[in-house]
Every structure is written in C-alpha cells, then in structure tokens.
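Let's take a friendly walk through this structure, one stop at a time. Have the sequence and the 3D view ready.

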Amino acid sequence: MVQSTNSTAPSEGNIHWDAIVIGGGHNGLTCAAYLARAGRKVLVLERREVVGGAAVTESFHPGFRNSLASYTVSLLHPQVIKDLDLHRHGLRIVSRPAGNFLPLPDGRHLLTGTTTADSAAAFLKFSKRDAERLPAYYDWLEEAADILRAQVLSTPPNAGSGIKSWLKSGQLAWQLSKLSPSARESIFDLFTRSAASILDRWFEDPHIKALFAFDAIVGNFASPYDNGSAYVLLHHVFGETNGVSGAWGHAIGGMGAITQAMAASAEAHGAVIRTNASVARIATTDGRATGVVLDNGETHYAKQIAGSVTPKHLLLDLCDDADLPEQTKRVINATEYGSGTFRMNVALDRLPSFTALPGDGPHLSSGIIIAPTMDYMERAYLDAKREGWSREPVVEMLIPSTLDDSLAPDGKHVASLFCQHVQPQLSGGRHWDDHRDEVAQLMINTVDAYAPGFASSVLGYQALSPFDLEKKLGLTNGDIFHGRLSLGQLFSARPALSMADYRMPIPGLYLCGSGAHPGGGVSGIPGHNAAREMLRD
C-alpha cells in the first residue's frame with residue numbers, strides 16, 4: 001500500500017536504505033522495482049499525492065477520466081514488461097485497429113492500416129509510386145530501428161572517462177563496422193538530417209510525407225525541415241505493442257495502469273513508496289551523496305540515490321552548489337529543454353464525425369492527425385516562434401474511450417489532444433495563465449474545422465500548457481522528454497558528456513529518468529539501465 005508522508009509522520013531519519021529513488025514516475029518505479037527484485041532495500045519518494053509522474057490516470061471532468069499527460073503505448077520495452085511481470089499486476093494493452101488517420105481540407109483522407117499491404121492500398125489513392133515504395137521504406141526504417149533497439153538496453157560509453165569507456169567505444173565501433181554500408185549511411189542520415197530530406201527521397205505525395213513527418217515533431221519544438229528531426233521520427237518507431245514492431249496501443253485504464261502495475265511490482269519485492277514526500281535537497285558526506293532531506297525536514301539516508309527527475313532539477317536544484325564541479329554546472333545549465341507542446345483532455349457527449357470520413361469506424365480509434373503537409377507543420381512552428389503559439393496548430397487526437405469504456409459514462413467519450421506548437425515560455429511579458437483557455441479553444445476549433453460539431457460536443461476539458469507541465473509534473477520548461485532529443489543530447493552526450501553511464505558527478509548519485517539514455521517516452525529503459533549500473537556498483 002502506498003504510504004503518505006506528512007509533517008506528523010514518525011521520523012525515519014535513522015533508517016538506512018540501500019537506495020532512495022527521487023520521483024515516482026514510470027522510470028523511477030522501474031528502477032526501484034529492479035533494485036527491489038535484487039534484494040535491495042528501496043525507498044521511493046514522490047512529491048505528488050499519486051505515483052506515476054506524467055503516466056497517471058486522473059479524473060478531469062465529473063464522470064470522465066484519462067491519462068494526464070502521456071497518452072499512448074508503444075515504447076514500453078517488452079523486457080521491462082516481462083521482468084516486472086506487469087501483466088500479472090494488472091496491465092492490459094490493446095492494439096489500435098488502424099494506424100493513423102489524416103483528414104484533409106479538400107475532403108479526402110489517408111488511413112493507414114495495421115499491415116503494410118493495407119497502408120499501401122490506402123496510398124494508391126494518392127500515388128501509385130508511393131504505394132509501391134512503401135514496403136521498401138518500412139524495411140529501411142525497420143533496419144535502422146533494429147540497430148537502435150540493440151543499443152537502448154546498453155549503457156553508453158562515457159566519453160573521455162577512462163579505459164573502460166574507451167573499450168566500450170571500441171566495442172560499439174566494432175558492432176557498427178559490421179553493418180552494411182547502406183545501414184551505416186542510414187544511421188548517419190537519421191541522426192543528422194531533417195525528416196523532410198529523408199521523406200523527400202522516398203515519397204512524392206505531400207500528404208503521405210506529412211503522415212510520416214508528424215512523428216518527427218511530436219514533442220519536438222522544430223520544423224520537419226530542421227536537421228535532427230529525422231532522429232525524433234526514428235525514436236517514435238522503435239517500439240512495439242503486443243509483439244508488433246512500430247505498432248501503437250492503449251493501456252486499459254489509461255497510462256496510469258502502467259505505473260500502478262510498476263508500483264505493485266516494486267512493492268511486491270519489498271520497495272516502500274511514499275507520496276506527498278517532496279525532496280528539498282540531497283545530503284552529502286565527504287563529497288558523496290548519502291541521503292535526502294524532505295521539505296518537512298525529515299532526513300533519509302541511503303548508500304545510493306537515484307533521481308527520476310530532469311537532470312537540471314536533480315543537479316542544479318537539489319544538489320548543493322559546492323558539491324558540483326563548475327564544468328557540470330555549465331554543461332547542465334546549457335542543456336536545451338522545451339517540447340513546445342500543449343496537452344488537453346476533452347469530455348465529449350458524442351463521437352466526432354469527420355467531413356473526410358463521416359460516422360463511426362476504426363479511424364476513430366487511430367491516431368487522428370491534423371497537419372495536412374510538412375509545409376503546414378513548418379508554418380505552425382514558425383508561427384509559434386514568432387507569436388507564442390501557432391494559429392493553425394498541429395493536433396493529434398486520440399479517442400481512447402472507443403477502446404476502453406472505463407474512461408467515460410455510457411454513450412460519452414474522452415479525447416486526448418496533443419498539440420504542437422507553442423512556446424515553452426511566452427515572450428513579451430505574457431504568461432500562460434492568461435492565455436491557456438484561449439489556446440485551448442483554438443485547439444478545439446481546429447478539430448471542429450475537420451469534424452463539424454466537435455466544439456458543440458465538448459462538455460468540459462483540462463488544458464496543460466508547458467508552464468502547467470512544469471508546475472504539476474516537474475518537467476523543466478514543459479519538456480516531455482526531460483531534454484531535447486538533439487544530436488548534442490543523445491547517447492554519450494545524454495544528459496552530458498561524462499554522465500552517460502547514469503552516474504552523476506557526485507559519487508553515489510544516479511540519474512534514472514528520461515534525461516538519461518535513450519531519452520523520453522514511456523519506455524522504462526532509463527530506469528532499467530540505471531538500476532543495472534547501481535547494482536554493479
């Protein structure tokens with residue numbers, strides 16, 4: 001049973017834990033569960049009243065509940081699901097019956113299927129050439145995704161930190177040298193080039209390109225024409241659902257079902273989870289992390305401390321300035337944050353009907369993308385940079401209640417809106433508190449333009465600006481990835497050079513959140529990898 005810490009709780013200052021995990025998000029819970037499975041005495045401290053971080057299911061309108069921030073499943077690693085026995089602890093994931101639905105202003109639509117043949121058949125309406133090239137594109141992308149999958153459970157080499165790091169670098173170089181020249185070229189392109197440059201090589205139809213380019217700007221405050229956006233596209237396709245590579249699904253009960261199963265797994269192995277337990281600072285002894293001090297003054301000691309929070313919060317907010325090398329402070333201060341996303345949950349009194357494909361159908365259980373071309377996406381980005389938010393935004397809508405009737409009353413529905421682009425911090429002295437509802441209405445109206453009557457079906461909504469995501473969930477600058485997925489912040493440079501192996505500059509302190517390799521998304525991989533390194537130590 002999750003316990004709650006408050007000012008009247010008995011002092012546990014003299015209890016010595018093997019490990020303390022700061023933050024009960026999905027990676028913190030994963031790390032704690034692995035440590036507990038290995039027989040370690042583990043304490044998880046979560047500042048909110050519920051564990052789960054961004055992957056939590058909450059009520060947002062009377063009778064309606066939904067995933068608070070994260071909203072769909074694909075990147076959750078099968079090894080984590082298996083090791084933590086998440087299905088036995090209540091997790092159930094269902095696959096979408098269709099891929100993505102792209103309604104177009106001219107009344108046409110694209111709807112990808114669950115197989116390559118289905119998607120190719122849909123492409124025929126737009127381009128025979130693109131339909132014929134689709135299988136080869138998927139094979140090319142899958143080859144690159146396989147290379148990424150082979151690396152995500154490995155600890156990256158720490159650049160310039162000794163012989164072990166050089167040996168790891170040599171092993172990695174040897175593995176890459178065994179790839180075909182075309183595979184090496186593919187990896188280089190996907191890590192350095194723009195999504196648009198990649199997609200222009202493969203396809204000719206602008207709407208087909210847009211369907212794929214959306215993955216390059218999800219949580220990425222950038223244009224698909226920006227170098228580096230190709231990697232973000234790859235990052236979103238290396239997952240799987242129920243054994244199907246690249247497929248997306250829904251957790252029954254919302255994303256909170258994932259973290260509740262993780263918490264149950266951790267507790268089943270003896271981990272203690274405390275909520276309403278906000279950590280004020282990390283205590284050190286002789287330069288080593290030895291404990292944490294809570295806001296209420298309680299002190300808890302441990303041999304190891306792991307942070308499932310952003311690198312900036314862990315090192316610059318919770319650590320004493322005197323404990324950090326000047327170089328560390330400079331590098332972490334220079335880390336780029338800011339997804340440029342606006343998240344909404346919407347209660348509906350009926351399903352939407354799209355002009356491009358009226359009525360019910362599998363398209364309403366797919367990823368519904370409002371962004372007809374890559375040029376539209378670029379205009380949205382440039383508009384947001386200039387004005388604060390895009391006047392013609394990119395919106396992805398999911399309606400999870402079509403697959404999960406526990407989220408809404410009978411006959412009613414819940415929609416998740418994940419919207420791009422908005423400035424992480426508004427310029428010109430403006431504040432998100434003054435513009436949240438204005439932008440929320442814009443997002444609703446954007447959907448209504450493609451599905452007339454959507455706006456009138458809205459019973460209520462929850463809107464989270466980047467400011468809200470930081471205030472509520474501790475996401476620095478509202479960044480859902482705990483730091484941009486750019487070339488300078490990936491692999492051995494995530495969160496920074498010499499910190500890629502999950503060990504922070506203060507001995508005994510580790511990073512187990514999405515700011516570590518391989519980055520954001522509900523994968524559990526950073527928590528898994530950090531726990532392994534902690535056990536090795």
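The expected span of a helix is 1.5 Å times one less than its number of residues. Keep that in mind as we look at this model, which is predicted. Helix 6 covers residues 181–192, and its 12 residues should therefore span 16 Å. The C-alpha atoms at its ends are 17 Å apart, which agrees.

Which residues of helix 6 are buried? They are Ala183, Ser186, Ile187, Asp189 and Leu190. These residues lie on the same side of helix 6, because they cover an arc of only 165° around the axis. Their cover includes helix 4 (128–152), helix 7 (195–202) and helix 9 (229–235). On the face turned away from the buried side, you will find the exposed residues Pro181 and Phe188.

Next, let's turn to a pair of helices. Helix 1 (residues 26–37) and helix 16 (residues 525–536) have axes that come within 7 Å and cross at roughly 35°. The crossing is right-handed. Helix 1 contributes Asn27, Thr30, Cys31, Tyr34 and Leu35 to the contact, while helix 16 brings Ile525, Pro526, Gly527, His528, Ala531, Met534 and Leu535. Sorted by class, this contact has eight nonpolar and four polar residues, with no charged ones.

Is Thr310 buried or exposed? Its relative accessibility is 1%, so Thr310 counts as buried. Leaving aside residues up to four places away in sequence, Thr310 touches Tyr337, Gly474, Leu475, Thr476 and His482.

Key. Residues numbered from 1 in each chain as written. Predicted model: local features only at pLDDT ≥ 70, side-chain atom pairs only at ≥ 80, totals over all residues. Heavy atoms only, no water. Axes fitted to C-alpha atoms, helices over the stretch in contact; angles between N-to-C directions. Helix = DSSP H or I, 4+ residues; strand = E, 2+ residues; numbered from the N terminus. Left-handed = near helix turned anticlockwise from the far one by under 90°. Contact = heavy atoms within 4.5 Å. Nonpolar A, V, L, I, M, F, W, Y, C, P; charged D, E, K, R; others polar. Buried < 20%, exposed > 50% of the residue type's maximum accessible area, 1.4 Å probe, protein only. Arc of directions from axis to C-beta.
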